Amino acid sequence: MLPTTSVNSRSQGNGALSPRDAARHTAGAKRYKYLRRLFHFRQMDFEFALWQMLYLFTSPQRVYRNFHYRKQTKDQWARDDPAFLVLLSIWLCVSTVGFGFVLDMGFFETIKLLLWVVFIDCVGVGLLIATLMWFISNKYLVKQQNRDYDVEWGYAFDVHLNAFYPLLVILHFIQLFFINYVIISDSVIGYFVGNTLWLIAIGYYIYVTFLGYSALPFLKNTAILLYPFALLALLYLISLLCGWNFTKMLCSFYKYRVK
């Protein structure tokens, strides 16, 4: 079915992988192939990556269905094409420059903010979350009777990227049009609009992450990945009652970073 690593796949008659196949399917070989394509733009399928970005908003289940097709055709669970990562990086850079413009930052301040957002917020936090989810899913969610299968780290990172993209668009693009005129104003409507966008963005992240792991038939109890929704809803209500403005806090944090 969907993303696993099976010790019985592509086996010889005696049930063991041939040395050649084993070398081709190691994590190192897949990583080398992925990184090599990162420097060959003509080999990337940007049209398909754009299709995935569109359907992450309208029908994220279809995106995860593609991972099943990739396994059938390429024996590869995680993406072997870095086009999605490249487009996501472009989105991140453009939206961060937009944030710098909206917050009236100078050129060097904007560049510093961009470096922080790309290498810390996106790459650093992404690697941490992917590793944590990879560990948790393999240790606690894999069915006992399917110990021959495990979740690949590359797939866990892809799930994070899939979930991060809608969050990025909502908080770093859509929100830009409301920051100066609505959100950071000292009014009820300001923190209501801003916090509601945060609720939608983080809710999207949780839901798309849940879809990514629930798509794997060898995992159990994936519904627990939806439990953070309860905490998110509670925090949202408390923020409205207390007048917390998450976007205003984010803007202050960004300005503090670049000092």
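Figure 1. The structure holds 13 aromatic pairs (rings of Phe, Tyr and Trp, the last by its six-membered ring, with centres within 6.5 Å; planes under 30 degrees apart are stacked, over 60 edge-to-face, the rest tilted). Helices here are DSSP runs of H or I with at least four residues, strands are runs of E with at least two, and both are numbered from the N terminus. This is a predicted model, in which local features need pLDDT of at least 70 and side-chain atom pairs count only at pLDDT 80 or more, while totals for chains, interfaces and linings use all residues. Residues are numbered from 1 along each chain as its sequence is written, and side-chain values use heavy atoms, with hydrogens and water left out.

Figure 2. Tyrosine 165 is buried at a relative accessible area of 6%, whereas phenylalanine 57 is partly exposed at 26% (buried is under 20%, exposed over 50%, partly exposed in between, with a 1.4 Å probe and protein chains only). Phenylalanine 84 and tyrosine 165 have ring centres 6.4 Å apart and planes at 70 degrees, so this pair is edge-to-face. Phenylalanine 84 has 1% relative accessibility and counts as buried. Zoom out a bit and you get one aromatic cluster of Phe57, Phe84, Trp91, Tyr165, Phe173, Phe177 and Tyr204.

**Figure 3. A lysine over a tyrosine ring.** Lysine 139 lies over the face of tyrosine 140, at 5.8 Å from the ring centre. The test asks for NZ of Lys or CZ of Arg within 6 Å of the ring centre and within 35 degrees of the ring normal.

**Figure 4. Inside the second largest pocket.** This pocket holds about 740 Å³ of space. Among its 28 lining residues, Val125, Ile129, His160, Leu167 and Tyr205 are the closest to the centre. A pocket is an open set of points on a 1 Å grid over the protein atoms alone, where a 1.4 Å probe fits, with protein on both sides within 12 Å along at least five of seven lines; lining residues have an atom within 4 Å of a point. H7 gives the largest share of the lining, eight residues. By type, the lining splits into 24 nonpolar, three polar and one charged (Ala, Val, Leu, Ile, Met, Phe, Trp, Tyr, Cys and Pro are nonpolar; Asp, Glu, Lys and Arg are charged; the others, Gly among them, are polar).

**Figure 5. Two loop residues with positive phi.** Most residues other than glycine have a negative phi. Aspartate 104, not a glycine, has a positive phi of about 60 degrees. Aspartate 104 lies in the loop between H5 and H6 and is exposed, at 67% relative accessibility. Asparagine 221 also has a positive phi, near 55 degrees. Look for asparagine 221 in the loop between H9 and H10, where it counts as exposed at 53% relative accessibility.

How values were computed: Grid points are joined across faces, edges and corners, and a volume is the space filled by probe spheres set on the points.
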